[in-house]
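This text leads a new reader through one protein structure. Please keep the sequence and the model in view while reading.

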Amino acid sequence: MDQPRTPKRAETREEPQISAAAREKAEAAKAFIAEKYSKKKREDTENREYWDEINKRMVELNLSETEQRMVREEIMHKEAERLRSLRARTSIFDFEPITIIGRGAFGEVRVVRHKSSGEILALKKMNKTEMIRKNQIQHVRAERNVLAKANNPWIVELKYSFQDEKYLYLAMEYLQGGDLMTVLIKRDILPQDEAKFYIAEMVLAVESVHKLNYIHRDIKPDNVLIGRDGHIKLSDFGLCKLSDIQTDNLYSNLNKLEDEAKAKQYMERRTDYKRNRALAYSTVGTPDYIAPEVFGRGGYTETVDWWSVGVILFEMVVGYPPFFSDEPSITCQKILHWRNILSIPREANLRHSTCDLIRKLVCDAGDRLGSHGVEEIKAHPFFNGIDWENMRSTRAPWIPELRNDYDSSNFDNFDEVEPFYPPQESRKKKGKKDSNFINYTYKKEDEDRAAILISALNELEAIKKTHSSSRQENSPSQGSYPKKLMLSSQELYSD
Ligand SMILES: Nc1ncnc2c1ncn2[C@@H]1O[C@H](COP(=O)(O)OP(=O)(O)OP(=O)(O)O)[C@@H](O)[C@H]1O
């Protein structure tokens, strides 16, 4: 007789509890695999298109078999060189320290020299243990991803990202003019026309982040850097978020935000964000620029960044941010009650268009300018006279005076806290893959495939020209050949 079936264990088993850290790790691994797969797919397609184009052009140029073989070899050689240089591991020993220019939440930023290229860069160093402890793994990835993906003049250029046992590093171009916060501390108030320049550039910069499908979420004067030409770029993408996850709240602990008391608790955590600013700005980790909907449970969109731009405009022309308080939790409450708090002082003597733009940015998300696209912001009368298409080629209101390319006079001074290089014993350790930060390494591909193709084709055209004129004269002259193909130039004439 059949025995009554005992219920399967699995049927009664409870869902396993997964810790936030494990979830973050799993998500990072998932993102890593997805990224690898799509990169491979993209590369295969590019490869095919690349070679199709070359073959087509060689036929058009009527190249002989030998010529075609030479061109292929030349391209393959360059591509191999490019891949070799990409694989070579970057480490802290590739850099030489110069000065510390910033200290952020998880580490410091230094001006460094890249030993082999001589390039002067800004190196941001972040403590891994701290990042893990504060559940920042996703944020670190976001920053690295945005910087690596962005290839536009409004976003600080990432040159390398790498890691060692204790730290993550981002080596970026060095913007010598300092940050906008330093400018505001020095100048106190900016004339409205100068503010117009910076706000217009910020609009274009934020637009470029949104075009990448990200929300910056941490637009504040400290994250607006000024280059040697006086034009701005955005940095610090640690809180950046893909904008399709719009109902996700800003910080994982804010997901459960139930009331203002929780907001207070959250802000106390942010006070870990020690910054060494002038007295007026000595409050650490200020929430001054965060839009109210970010604190709520209803989700938000990219327009949170336009709120921040509005707050910065207020600060530039009035002299202090609208929700300022010594106590960050009070700033949070002021933001949540912005309707009763926001007041533009008469004494600031602002133009009607300036006040109007502030009010149209610092307002409910539904009414906010920019919620129907950036064009409605650009069309606001505050920006009259702005040449949006040629902004970066206009003259900036302030051009930093610099003695050399590592001049750091536009930054505060910071004391050395720990040595730049890790201790001797950890140098020899073979870096074990850190599962928390897989795929963090990045190198800017200086000569990418497209550049190789273009230069190969240009060379081809030049060769062909010389080739036909030399043939006509029947006396090939090596002197007229492009350098890179010179060694094999006899081969070119072998048929
Ligand atoms: N590429 C750069 N060029 C010049 N200065 C830079 C660069 N990157 C960062 N800095 C300086 O270092 C400071 C801190 O950098 P960043 O904001 O990226 O660090 P963080 O740890 O995320 O800081 P925060 O706590 O303010 O979020 C900046 O305010 C700026 O003054």
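The model is predicted, so local features are given at pLDDT of at least 70 and side-chain atom pairs at pLDDT 80 or more, while totals for chains, interfaces and linings use all residues. Residues are numbered from 1 along each chain as its sequence is written, and side-chain values use heavy atoms, with hydrogens and water left out.

The protein contains 16 helices and 10 strands. Of the 495 residues, 48% are buried. Buried means under 20% relative accessible area, exposed means over 50%, and partly exposed lies in between, using a 1.4 Å probe and protein chains only. A contact means heavy atoms within 4.5 Å. Among contacts with a separation of 6 or more, 71% join residues 24 or more positions apart.

Axes are lines fitted to C-alpha atoms, for helices over the stretch in contact, and angles run from 0 to 180 degrees between N-to-C directions. By the cut-offs used, angles under 35 degrees are roughly parallel, over 145 roughly antiparallel, 65 to 115 roughly perpendicular, and the rest oblique. The crossing of H7 and H9 is right-handed, a term for the near helix being turned clockwise from the far one by less than a right angle, with anticlockwise giving left-handed. On the H7 side the contact includes Tyr198, Met202 and Val206, and on the H9 side it includes Trp306, Ile312 and Leu313. The residues of this contact divide into 12 nonpolar, two polar and two charged. Here Ala, Val, Leu, Ile, Met, Phe, Trp, Tyr, Cys and Pro count as nonpolar, Asp, Glu, Lys and Arg as charged, and the others, Gly among them, as polar.

Helix H6 (residues 180–187) also packs with H9, at an angle of about 25° and with the axes 10 Å apart. That angle makes H6 roughly parallel to H9. Leu180, Met181 and Leu184 of H6 meet Ile312, Glu315 and Met316 of H9. In this contact five residues are nonpolar, none is polar and one is charged.

Which residue does UniProt list for "binding site"? An unreviewed entry there lists Lys134; such annotations may be inferred rather than shown by experiment, and positions follow the numbering used here, with feature names shortened. Lysine 134 sits in the loop between helix H4 (128–133) and helix H5 (137–149), and it is buried, with a relative accessible area of 12%. Within H5 is arginine 141, which is buried at 5%.

Threonine 90 occupies the loop between helix H3 (65–87) and strand S1 (95–103). Its relative accessibility of 10% counts as buried.

Two residues have a positive phi although neither is a glycine: asparagine 62 at about 60° and arginine 217 at about 70°. Asparagine 62 lies in the loop between helix H2 (20–60) and H3 and counts as exposed at 64% relative accessibility. Arginine 217 lies in the loop between strand S6 (214–215) and strand S7 (224–226) and counts as buried at 6%.

Definitions and conventions. Helix = DSSP H or I, 4+ residues; strand = E, 2+ residues; numbered from the N terminus.
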